[in-house]
Amino acid sequence: MGMLDMKIRQAQKSDCTTIAEIKRLIWQSIYRGIYPDSKIDGYDIKEQSKKFEKLVDDKNLLLYVAEDDNNIVAYMCCGKRSREVHGENYEIFLLNLLKEYQGRGIGTALFSEGCDILKSMGAHEILIACNKYNFPAQQFYESKGCKKFCVDDDREDKSLPQIYYKFLIG
């Protein structure tokens with residue numbers, strides 16, 4: 001099952017609970033051992049669903065999902081932030097996909113979609129952040145040509161430190 005079976009579309013409010021459930025699965029499969037167990041075990045789907053609903057409502061941000069046979073397997077948010085982060089307003093963030101769907105081009109398709117959207121909004125350079133301890137994500141962004149420019153200091157809670165990348169939209 002490759003990208004031919006995938007559909008990328010803008011998320012709706014009705015998708016937010018499913019997206020929150022997927023985020024929980026991603027945290028359990030990818031971030032267990034990085035994030036504190038209490039953060040993963042205390043994950044609140046209703047609270048997270050409300051956060052995704054706020055993203056859907058935000059006129060400056062766009063939340064997208066990737067579907068396989070009408071089941072959401074990945075999501076990504078992009079847009080123009082209300083405040084600059086490391087000198088950038090435009091950002092791709094929350095690019096996450098279920099572990100069993102990695103390596104099929106879905107992340108690349110979502111990343112490309114985000115870049116196209118941001119370019120149409122006037123962006124020339126975008127910010128991307130990922131967890132400092134998520135090495136597969138770092139490999140992914142570096143393989144796309146993203147350039148690391150800032151790394152947070154270590155903290156006791158390993159869910160907090162980020163690595164920041166900039167990407168020039170061609």
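**Rings, charges and a helix**

Lys-158 lies over the face of Tyr-133, 4.9 Å from the ring centre (a charge sits over a ring if NZ of Lys or CZ of Arg is within 6 Å of the ring centre and within 35 degrees of the ring normal). Keep in mind that this is a predicted model, where local features need pLDDT of at least 70, side-chain atom pairs count only at pLDDT 80 or more, and totals for chains, interfaces and linings use all residues. Residues are numbered from 1 along each chain as its sequence is written, and side-chain values use heavy atoms, with hydrogens and water left out.

**Another charge over a ring**
- Lys-39 has its charged end over the ring of Tyr-35, 5.5 Å from the centre.

**Aromatic pairs**
- Rings of Phe, Tyr and Trp (its six-membered ring) pair if their centres lie within 6.5 Å; planes under 30 degrees apart are stacked, over 60 edge-to-face, and the rest tilted.
- The count by this rule is 10 aromatic pairs.
- Phe-140 and Tyr-141 are edge-to-face, because their planes are at 70°, with centres 5.2 Å apart.
- Phe-149 and Tyr-164 make a tilted pair, at 6.5 Å centre to centre and 50° between the planes.
- Phe-149 lies in strand β6 (residues 147-151) and Tyr-164 in strand β7 (residues 162-168), so this pair ties together parts 15 residues apart in sequence (strands are DSSP runs of E, at least two residues, and helices runs of H or I, at least four, numbered from the N terminus).
- One aromatic cluster is formed by Phe-111, Phe-140, Tyr-141, Tyr-165 and Phe-167.

- Tyr-141 is buried, at 4% relative accessible area (buried is under 20%, exposed over 50%, partly exposed in between, with a 1.4 Å probe and protein chains only).
- Tyr-164 is buried at 13%, while Phe-149 is partly exposed at 34%.
- Helix α4 has buried residues too, including Phe-111 and Cys-115.
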